[in-house]
Amino acid sequence: MSQSLPEWEQRLAALWQQINAIAPEQLVAGVDALAAERPEADPVALFERACVRDTAGLEAEAEPLYRAALASASLDPYRQARASIQLGSSLRLLGQLDESERLISAQLQRYADPAYGTALYDETRAILTLTYLAQGRAVEAACLALTTLAPHLSRYNRSVAGNAAEILKNAALASSWS
């Protein structure tokens, strides 16, 4: 008897709860076994297989699975954001910095559509910050981090955001003179 997606996801969540109690290879095997219960091109199963490999430090194995899940264009916005963030992070770790930046920037563009929602917006900006750092773009990284943080401060929100914008503008002007 085939289980519904919500039932399958409950079993998957129970497995993920064991992350600190079992070896990474056991977690990978467990997720793969659950994924085998879904259709071969099931985007959620592909996404979960990518996640577990990422968690186990197998970024190169995770990459094609994330790509396949994203290519399906049928992940819900939350998983789609997670897949973009996690693939962007994996690409950064694999040294594919320009592609990481493009992928994360494209995810940020999705948030411009009010219907898309804002789940993981700040997290997306945090991963872009890490990519900027890896690219040697420390000023842009710091300014992006500060503008992401500013709305969460109890005071000085406008000041922090404004100063970060001014620093970024001055850095852009200085580099254009170089």
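Start by selecting Tyr156: at 58% relative accessibility this residue is exposed, since the cut-off for that label is over 50%. Keep in mind that you are looking at a predicted model. Tyr156 sits in the loop between helix H8 (138-149) and helix H9 (157-177). Check the backbone while you are there: phi is positive, about 65 degrees, even though Tyr156 is not a glycine.

Now jump to Ala73, in the loop that runs between H4 and H5. Here too phi is positive, about 55 degrees, and the residue is not a glycine. Is Ala73 buried or exposed? With a relative accessibility of 72%, Ala73 counts as exposed.

Next stop, Leu75. Leaving out residues up to four places away in sequence, Leu75 touches Pro43, Val44, Phe47, Ala69, Leu70, Gln80 and Ala83. Leu75 also belongs to the largest nonpolar core, a set of 27 residues, where Trp16, Phe47, Tyr66 and Leu75 touch the most other members. To see where this core comes from, colour helix H1 (5-16), helix H2 (24-35), helix H3 (43-55), helix H4 (59-71) and helix H5 (77-93), which are the elements that give two or more residues to it. Which of them has the largest share? That is H3, with seven residues. Apart from this core lies another, made of 12 residues; Ala81, Ile127, Leu128 and Ala141 are among them.

Show H1 and H2 together now. Their axes are 10 Å apart and the packing angle is about 175 degrees. Angles over 145 degrees count as roughly antiparallel, so that is how H1 and H2 run relative to each other. For the contact itself, select Trp8, Arg11, Leu12, Leu15 and Trp16 on the H1 side, then Leu27, Gly30, Val31, Leu34 and Ala35 on the H2 side. Sorted by type, the residues of this contact come out as eight nonpolar, one polar and one charged.

What does its side chain pair up with? Draw a distance to Arg67: the two side chains are joined by a polar contact of 2.8 Å.

Note on methods. Residues numbered from 1 in each chain as written. Predicted model: local features only at pLDDT ≥ 70, side-chain atom pairs only at ≥ 80, totals over all residues. Heavy atoms only, no water. Core = buried A, V, L, I, M, F, W, Y, C linked by side-chain atoms within 4.5 Å. Buried < 20%, exposed > 50% of the residue type's maximum accessible area, 1.4 Å probe, protein only. Helix = DSSP H or I, 4+ residues; strand = E, 2+ residues; numbered from the N terminus. Contact = heavy atoms within 4.5 Å. Axes fitted to C-alpha atoms, helices over the stretch in contact; angles between N-to-C directions. Parallel < 35°, antiparallel > 145°, perpendicular 65-115°, else oblique. Nonpolar A, V, L, I, M, F, W, Y, C, P; charged D, E, K, R; others polar. Polar contact = N/O pair within 3.5 Å; in protein donor to acceptor, adjacent residues only side chain to side chain.
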